[in-house]
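This briefing is meant for someone meeting the structure for the first time. Please look through the sequence and the model before reading the points below.

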Amino acid sequence: MEKQVRLSLLLVVIFHAVCVPSVLQAQRKSAFVNGRVLDENENPLSDVSVTILGRVSGLITGDSGKFRIKVPADRAFALVFSFTGYKTEQKNFLLNENEEENLTIKLQLGSDQLKEVIVTDQRQRREAGLITVNPKQAINIPSPTGGIESLIKVFVGSNNELTSNYSVRGGNYDENLIYVNDFEIFRPYLVRSGQQEGLSFINPEMTRTVSFYNGGFQAKYGDKMSSVLDIQYRKPKSFGGSAYIGLLEQGLHLEGTGAKDRFTYLVGFRNKSNKNLLASQQTKGNYVPSSADLQGLLTYQFNDQWSAELFANFSQTKFNLQPEFSQQTSSVFSPFFSANLGLDIFFEGKEEDRYRTNMVGLSIIQQARKNLRLKWMASYFQNTEKESVDITGAYLFGERDFDKSQPTFGLIVNPLGAGVFQNFVRNELDINVLNFAHKGYYDRGKHFLQWGASADFQKIDDKLHEWEYQDSAGYSLPYNPSQLSIFKVLKSRADLDIFRLSGYIQDNIVFRDSADFTLQAGLRFNYNSLNGEMLLSPRAGFSWKPSAWKRDVVVRGAIGVYNQPPFYRELRRYDGTLNKDIKSQKSWQVSGGFDYNFTGLNGRPMRLATEAYYKAMRDVIPYDIDNVRLRYFGENSAKAYAMGLELRLFGELVKDAESWVSFGLMRTRENISGDNFYNYKLDSLNQPTDSTLTEGGWLRRPTDRLLTFGLFFSDYLSTNKNFKVYVNTLYGSNLPYNIPNSVKYRNALFIDPYIRIDLGFSALLLDSDKSNRRSHSPFRNFENIWATLEIFNIIDRSNTISYLLIKDFSNTTFTIPNRLTPRLLNIKLVARF
């Protein structure tokens, strides 16, 4: 109850901070500031801009350099004086009602050049499902994982702050495509929980553009059913770099040119350790997580026509854990009884996991003609994963005493169950992918033709060896008096060689010179040797800007076929066997909406984007989610659908401070064939007397979340823009949780809504003005240095990621929630040079 009150109060504060000031502006008390602006020779300066910090409107000085401006009273504010060719000056004030302040401002000559002209990116308005994100905000957004994916989660929602994975429009993690400089990126597959994850592949400090499609993407993108994240790294123009250090992550990047600007290099190194983050988890022990990567992009311009790019990535993640004990608690409320249930587990053993990913890609680009560009690509991806677990646990389950006046406070006083379990895992996975591809671009004025072809050679070597022993009240489960039984055993080996061939052709057409109507139409094909399927995927999208409308509105839509051939995880059944005859999952999708540019109440430009969508899917492979691990059924045994509505608002709620809000409604259901079960009628002795065969029907999918809300808000002090605050808010309504291998109790459990608010406070320690630095100063070549304090999960909400199922002495099953991270602090220092 207390946490709900605190959350309500925080939301009220945010509402008042954002909305109320614009409504009460006219009711504020006022004062006046009079003055004169002079140059370095004390000559009057005319046409100098005088504005209140954080506002758009203001005034300019007259021919004599004089000004008079109405300002708020009884609160701190700042006036900003700016003029082309001179350094900007800022003065802070705190005046009483009707008070008048007189001052003289002297501006100094500056070397700053004119700011670059900001051009609105019309592409994101005209392509269905496209969201462009400013990569510079990745270092600012407060989040335990950070990075580009944390920005994406504001739009699509999340239920786990420990992972960089995300689900889009009812899809799972495996349905998302990621490209970096046109190379497809793969992720580790054996990861079971967010604790084991390392760094995201994408290095934000090296990123130039981020294009995220949450549906309706064009034929030039690959064969997945949910989303595309298209990343382009920078091509440097001069020497520079950045460095940051924090409690969770450290990084360094360098860039520059050589050979008379024909050669460029972009190199980044990162290191991450979640030890401080994981120390707060329910399971206490010795956590030693570490992750590091090295990325580089080298380019060389041979002549006006030919150039080359070499991209490489080397990353390694280690996760070591020696668990000691775990104390988990849940509450039961029912018409029959209520209780505070606890589970105490004492561990022996350890877990050691290793994930290593190497990737290298080479591109040769030919600018054959002014309007013809050809690109040849070759890449090699290698992924090696090893899991080793040998952990034994002894547990006691029952009612926990929460009476602080009793000596048994915190202990289990009424045991309901006890037992021992042992988990043993020895898994190895090796994936090698060799890819050759060609892409072409031909500009014919109103027609922009694109085509491409790709050949993949995939080799997968998988060794799976897992078993679990359970002993409850002195009896091994499943109980067999004549032998020792193992509760669960998975043991298999797979060696797969798969050849994939894919390609596309599409035309982007502008029907008028003013681009009032555009059409993107294309066809994609895909063949794979695993099941011999040949798939065709026609896709089309349009945009229309009604010239007769006075408002700046663009209507857009898309329709197409999106198929997803199986890779590694989809093949494996629950019992560990492989289904090599499995088919591709297939869908057709349609989406439509509009994009509206307008001026907000604060006088600043805003953009509202809305989109409705529907996805119909067949040959679906059902799955369950446990933390971040996907467990597929290994059969094309379902059909499904997803539909929803999304609204996104972009703009500056505060001048020069970028913010955005996202709201989504979604429903996704699946119908699994053969999900029949019997309901039994029992007599007074609890013996079955009759039964009824029941079909499961349409059920919620594991990613079915009705409501999502995301907010990224930035602001600064009213008297100083060098002190900034960032708010990252996520809300998602409940999710279904399926009991593994249970037909009758699928959708039997629910994960409570995910609510999280992270705050970040940044202070500028060194600005870009180098004129006042001494020649021997160690900071003379730095552009800026920022210090940041982050408060994760400020409301300290105990979000649930999964459940642990425990049986008592009477064979009744109870659920104990596995919680995510509590409130934590992080500090980091960011320097650019």
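F269 is found in strand β15, where a strand is a DSSP run of E of at least two residues and a helix a DSSP run of H or I of at least four, both numbered from the N terminus. The model is a predicted one, in which local features need pLDDT of at least 70 and side-chain atom pairs count only at pLDDT 80 or more, while totals for chains, interfaces and linings use all residues. Residues are numbered from 1 along each chain as its sequence is written, and side-chain values use heavy atoms, with hydrogens and water left out.

- Of the 833 residues of the protein, 50% count as buried.

**Open sheet**
- Four strands form an open sheet in the order β3-β2-β5-β6, with antiparallel pairing, and two strands pair if DSSP finds at least two bridges between them.
- Because β3 (58–60) and β6 (89–94) stand at the edges with a single partner strand each, one side of each is left without a neighbour in the sheet.
- Strand β5 (residues 76–82) runs antiparallel to β6 and is joined to it by six bridges, and the bridge partner of A76 in β6 is L94.

**Whole protein**
- The protein has five helices and 44 strands.
- Along its principal axes, the C-alpha trace of the protein spans about 105 × 75 × 60 Å.

Notes: Buried means under 20% relative accessible area, exposed over 50%, partly exposed in between (1.4 Å probe, protein chains only).
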